[in-house]
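Visitor: Hi! I have a structure open here and would like to talk it through with you. Shall we start?

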Amino acid sequence: MDARKRRAKLTRGEQNALPDDVLIGRNAVAEALKAGRSINRLLLAGGDRDGSVAEIRALAKERGAICQTVERAKIEAIAGGLRHQGVLAYVAPVAYAELDDILAAAEEKGEPPFLLLLDELEDPHNLGALLRTADATGVHGVLIPKRRSVPLTATVAKTSAGAVEYVPVARIGNVAQTLKMLKEKGFWVAGADMDGPATCWEADLTGALVLVVGSEGHGMSRLTRELCDFVVRMPMVGRINSLNASVAGSILLYESMRQRLAKKA
């Protein structure tokens, strides 16, 4: 059954409800862009090139939103029979922060900035769990790449148990360039890897620090690892040779907090 017939068959009560993080329709998406709402990804049906679509493309480019041209059937499947006009946007549950604002907030508190950078993390549950731990351990901000990384979604927000409202999250364009810039500002970069030469207990995880946690399957990228000032591991005595990304990251965040509190004592 083609999409048009399927829409006609559906009654209002039978139509699928949209996920919390999805907007559809040209007006709704255009207004969200104009209002500065954080857009994770914008999907536009191929072949649509009239004035309103051109305006949406221009707004997306101006706001730095990722814009993809896809088959209309893909949008149709997500919209579940609702009228979408060939436009669909995935929106963040909260606004993304700017890195400069995160650093300024740490300076106002008189604290060495403590950042968590997630290098191509893909699982929204891991991101949500790490946001929860970041809130508990005093992390000033979390950095995630715009591409090849899970964005803030309704699933992330739910898993974070509300922490997404309190921990600023900034999207960065290039991990390597961001790390180089932060190192120029006096940050140390610590990477998490089960093959790291030092344990997390032996490393100094205080001061202006960026803690880098890699993806679930591959860890940190080669270039990211090369930019780390040091790489640490968690000692393990069992038969499993690796930890879940959110578990490993949480252990390191708490070790950093322990060291920071000890310095204040």
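Visitor: What share of the contacts with a separation of 6 or more comes from residues 24 or more positions apart?
Guide: In the protein chain, that share is 81%. Keep in mind that this is a predicted model.

Visitor: What's the mean pLDDT, then?
Guide: The mean is 88 for the protein chain, with 94% of the residues at 70 or more.

Visitor: And where does pLDDT stay under 50?
Guide: That happens over residues 5–15, where the model has 14 contacts beyond four places in sequence. Where pLDDT is low, the predicted coordinates should not be read in detail.

Visitor: Good to know. How many helices and strands are there?
Guide: The protein chain has 10 helices and 11 strands. Its C-alpha trace spans about 65 × 45 × 30 Å along the principal axes, and 47% of the 265 residues are buried.

Visitor: Let's look at β5. Why is it described as largely enclosed by the rest of the structure?
Guide: Strand β5 covers residues 114–119, and six of its six residues are buried, so the rest of the structure largely encloses it.

Visitor: Which of its residues point which way?
Guide: Phe114, Leu116 and Leu118 point one way, while Leu115, Leu117 and Asp119 point the other way; all of them are buried. In a regular strand, side chains alternate between the two faces of the sheet.

Visitor: Which strands is β5 joined to by bridges?
Guide: Six bridges join β5 to β10 (residues 209–214), and the two run parallel. Three bridges join β5 to β6 (residues 141–145), and that pair is parallel too. Leucine 116 is a handy landmark: it stands opposite leucine 211 in β10 and opposite valine 142 in β6.

Visitor: What do β5, α6 and β6 make together?
Guide: They make a right-handed β-α-β unit, with α6 covering residues 124–136.

Visitor: Now the packing. Which residues touch the most other members in the largest nonpolar core?
Guide: That core has 36 residues, and the ones touching the most other members are Leu116, Leu118, Leu127, Leu131, Val142 and Leu152. At least two core residues come from each of β5, α6, β6, α7 (154–159), β8, β10 and α10 (245–264).

Visitor: What does leucine 127 touch, not counting residues up to four places away in sequence?
Guide: Leucine 127 touches Leu118, Leu121, Ile144, Val150, Pro151, Leu152 and Val156. There is also a second, separate core of 21 residues, which includes Ala170, Val210, Val212 and Met220.

Visitor: Last one: where does aspartate 193 lie?
Guide: Aspartate 193 is in the loop between β8 (188–192) and β9 (198–199).

Visitor: Is aspartate 193 buried or exposed, and what is it in contact with?
Guide: Aspartate 193 is buried, because its relative accessible area is 19% and the cut-off is under 20%. Leaving aside neighbours within four places in sequence, aspartate 193 is in contact with Met220, Arg225, Val231, Val232 and Arg233.

Technical notes
Residues numbered from 1 in each chain as written. Predicted model: local features only at pLDDT ≥ 70, side-chain atom pairs only at ≥ 80, totals over all residues. Heavy atoms only, no water. pLDDT = per-residue confidence, 0-100. Contact = heavy atoms within 4.5 Å. Buried < 20%, exposed > 50% of the residue type's maximum accessible area, 1.4 Å probe, protein only. Helix = DSSP H or I, 4+ residues; strand = E, 2+ residues; numbered from the N terminus. Pairing = 2+ DSSP bridges. Right-handed = clockwise from strand over helix to strand, strands pointing away. Core = buried A, V, L, I, M, F, W, Y, C linked by side-chain atoms within 4.5 Å.
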